[in-house]
Amino acid sequence: MHKIALLGLGNVGTLAGILLQQAGFHVVGFDQFTPRQELPYPTIETDLSDAEQLKKELKSFDGVLSALPYALNPLVAQIAHDLDLHYFDLTEDVHVTQKVRELSQTGKRLMAPQCGLAPGFISIVANHLSAPYDRVRAIRMRVGALPQHPTGLLGYAFNWSPEGVVNEYLNDCEVIEENQHKWVSPMEWIETLHVNGRKYEAFTTSGGLGTMCETFKGRVENLDYKTIRYPGHARLMNFFFHELLMREKREEAGKILTNAKPRVDEDMVVIHASVEGEIAGHLQRREFVRTYYPKEIHQDMRRAIAWTTTASVCAVIEMVRDGTLPQTGFLKQEDILLDDFLNTKSGALYREER
């Protein structure tokens, strides 16, 4: 795998092309608009919702990375399947992942959805932490993309897709509780966290677990994923979506929120993963706690949420090229070894934190 088609040239997409090129890939970017900034790889303007046009454009590639809105991913996955291309995406949507999985059953190349931060890197970390245990009592996965200097009661800035955030806040959440696999409501189970002396809250959101419940069913007593925010955020968002009934107007809700809390350059990504259980008869807890900040890449400062998401998917693509990961079938993120991930050129960005 050498030639990668990159679909979608937003913040994540454009950076993915840079990281992949630095890792030795030949990259061509596709978008419906010509990028404003000059990029170090060729780009093509095309209709990304036109199946026949995409088939013509992608037939000479070895793999495709979709950095598009999740609703377009089933189309891209189907084309990748039909053209025998490796497929990668960043989706958090459960239904999209199920579609990709169905295609992988008859495909000739690897189908790898959920390759971002959460789902994605957090699953790799959680699986790594759980490896030494003889009995796993609990796996807790917590991730938050936050402004470093929050303002207002929400304490938030929409540095990520508003559609994705709204879906996370409103779709049901998969968990394992007391050995029972179940679905629970979002924005519940609120808890307090402290990282580097700073206080946060965490609450249930949809999609961040990826395929972890399936993988660990029967092996772990409790497993859940929560989003990290500044204290008070969940209460206000519950008021917005449920008391004001904005849950019935998801698209409008996304526009209202991004207008009120636009993106900021000085963001951070907080990761708090922990595993509890028994090792050699002793109850122990292992943790992976990091805060990642903007980083200079290719002479520009990149937001933390952008580079952490992008580095994750690019590391997976590198591992597939190098034969570290399977070449066919469906890839679960938790099947990726953390050391292999960190030893890639892109994954090595995660080694630096403060």
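**Exercise 1.** State how many residues line the second largest pocket and which of them lie nearest its centre.

*Solution.* The second largest pocket has 13 lining residues, and nearest its centre are Asn11, Asp265, Met301, Arg302 and Arg303. On a 1 Å grid over the protein atoms alone, a pocket is an open set of points where a 1.4 Å probe fits, with protein on both sides within 12 Å along at least five of seven lines; lining residues have an atom within 4 Å of a point. Next come the elements: H1 and strand E16 (300-302) each give two or more residues to this lining. Helices (H or I, at least four residues) and strands (E, at least two) are DSSP runs, numbered from the N terminus.

The model is predicted: local features need pLDDT of at least 70 and side-chain atom pairs pLDDT 80 or more, while totals for chains, interfaces and linings use all residues. Residues are numbered from 1 along each chain as its sequence is written, and side-chain values use heavy atoms, without hydrogens and water.

**Exercise 2.** Find which helix supplies the largest share of the lining of the largest pocket.

*Solution.* Start with the helices that each supply at least two lining residues: H1 (11-22), H4 (94-104), H6 (162-170) and H10 (304-322). Of these, H6 gives the largest share, 5 residues.

**Exercise 3.** Name the residues that touch the most other members of the largest nonpolar core.

*Solution.* This core, a set of buried (under 20% relative accessible area, 1.4 Å probe, protein chains only) Ala, Val, Leu, Ile, Met, Phe, Trp, Tyr and Cys residues joined through side-chain atoms within 4.5 Å, has 69 residues. Phe121 and Leu223 touch the most other members. H10 contributes the most to this core, 11 residues.

Technical notes. Buried < 20%, exposed > 50% of the residue type's maximum accessible area, 1.4 Å probe, protein only.
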